Amino acid sequence: LEVSPDQLLGYKSETEVPSLNEWTLIKKYRYIDEFGKKAVNSVLDAEYERVLVSQPSKPRPRKLGIDYYDFPASAGTGNFLESEKIWVNESPEAEQADFVIPISGDSMEPTFHSGDRVFVVKDDALEEGDIGIFIVNGDAYIKELGNKCLISHNTAYKPISLRSTDSVYCCGRVLGVVKE
């Protein structure tokens, strides 16, 4: 497995333990006087800075705080919504989004899967073909807006007809899936 017994027992890794050459340098360093140690430290600091500056730094993804609705939008029978704050990696979708909501059910497959979390921008004026989060008679859905109906992408599900007696509210347009 190319793992030392020390690593298995939780001791320092081989990269943290000085090599024989490093032990020789340590012995020499301990032998020289304070003037010599200052000179060695000065050269070592300068070389360390030179190498550190020349290495490209790996940018860390910036995190953005965004509202997260813990109860998923149903890709099936409908759910109730309630929010909290989460942190997501910076992305164009995250910059535009007003909130994130998880998905449950398979009615939007293959586009969205149960367990996906999606970015949503608040928008109540979606056009036919847009995918949004809709509340119909108190239940939340992720669906494609059709002509007087909400459409599932999974052909096993029939469209949800929207009648004039239904209470329908569009929470927003889905921008995409949150990448971990």
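Arg173 is partly exposed in this predicted model, at 28% relative accessibility; the classes are buried for under 20% relative accessible area, exposed for over 50%, and partly exposed in between, with a 1.4 Å probe and protein chains only. The side chain of Arg173 meets that of Asp123 in a salt bridge, at 3.8 Å from N to O. A salt bridge is here a side-chain nitrogen of Lys or Arg within 4 Å of a carboxyl oxygen of Asp or Glu. The pair links distant parts of the chain, 50 residues apart: Asp123 belongs to the loop between β5 (117-121) and β6 (131-136), and Arg173 to strand β10 (residues 168-177). Asp123 is likewise partly exposed, at 24% relative accessibility.

Because the model is predicted, local features need pLDDT of at least 70 and side-chain atom pairs count only at pLDDT 80 or more, whereas totals for chains, interfaces and linings use all residues. Residues are numbered from 1 along each chain as its sequence is written, and side-chain values use heavy atoms, with hydrogens and water left out.

The structure holds three salt bridges. One of them joins Arg163 and Asp166, with the closest N and O atoms 3.4 Å apart. Arg163 is exposed, with a relative accessible area of 52%, whereas Asp166 is buried, with a relative accessible area of 13%. Another is formed by the side chains of Glu47 and Arg50, at 2.8 Å from N to O. Both residues lie in helix α3 (residues 34-54), three residues apart, or about one turn of the helix. Glu47 is partly exposed, its relative accessible area being 37%.

The 21 residues of α3 should span 30 Å at 1.5 Å a residue, and the end C-alpha atoms are 30 Å apart, in agreement; the expected span is 1.5 Å times one less than the number of residues in the helix. At the start of α3, a side-chain oxygen of Asp33 comes within 3.3 Å of the backbone nitrogen of Phe35.

Overall, the protein has four helices and 10 strands. Helices (H or I, at least four residues) and strands (E, at least two) are DSSP runs, numbered from the N terminus. Their order along the sequence is α-α-α-β-β-β-α-β-β-β-β-β-β-β. Of the 180 residues, 31% count as buried. Among contacts (heavy atoms within 4.5 Å) with a separation of 6 or more, 59% involve residues 24 or more positions apart.

A nonpolar core is a set of buried Ala, Val, Leu, Ile, Met, Phe, Trp, Tyr and Cys residues joined through side-chain atoms within 4.5 Å. The largest such core has 12 residues, including Phe99, Ile101, Ile103, Val118, Ile131, Cys171 and Val174. Two or more residues of this core come from each of β4 (99-104), β5, β6 and β10. Strand β4 gives the largest share, three residues. Another core, of eight residues, lies apart from this one and has Ile86, Ala94, Ala97 and Phe119 among its members.

The count of disulfides, taken as pairs of cysteine sulfur atoms within 2.5 Å, comes to zero. For Cys170, the closest cysteine sulfur is that of Cys171, at 6.8 Å, which is too far for a bond. Cys170 is buried, with a relative accessible area of 10%. Cys149 is also buried, at 14%.

Terms used: A polar contact is a pair of N or O atoms within 3.5 Å; within protein, one must be able to donate a hydrogen and the other to accept it, and residues adjacent in sequence count only if both atoms are side-chain atoms.
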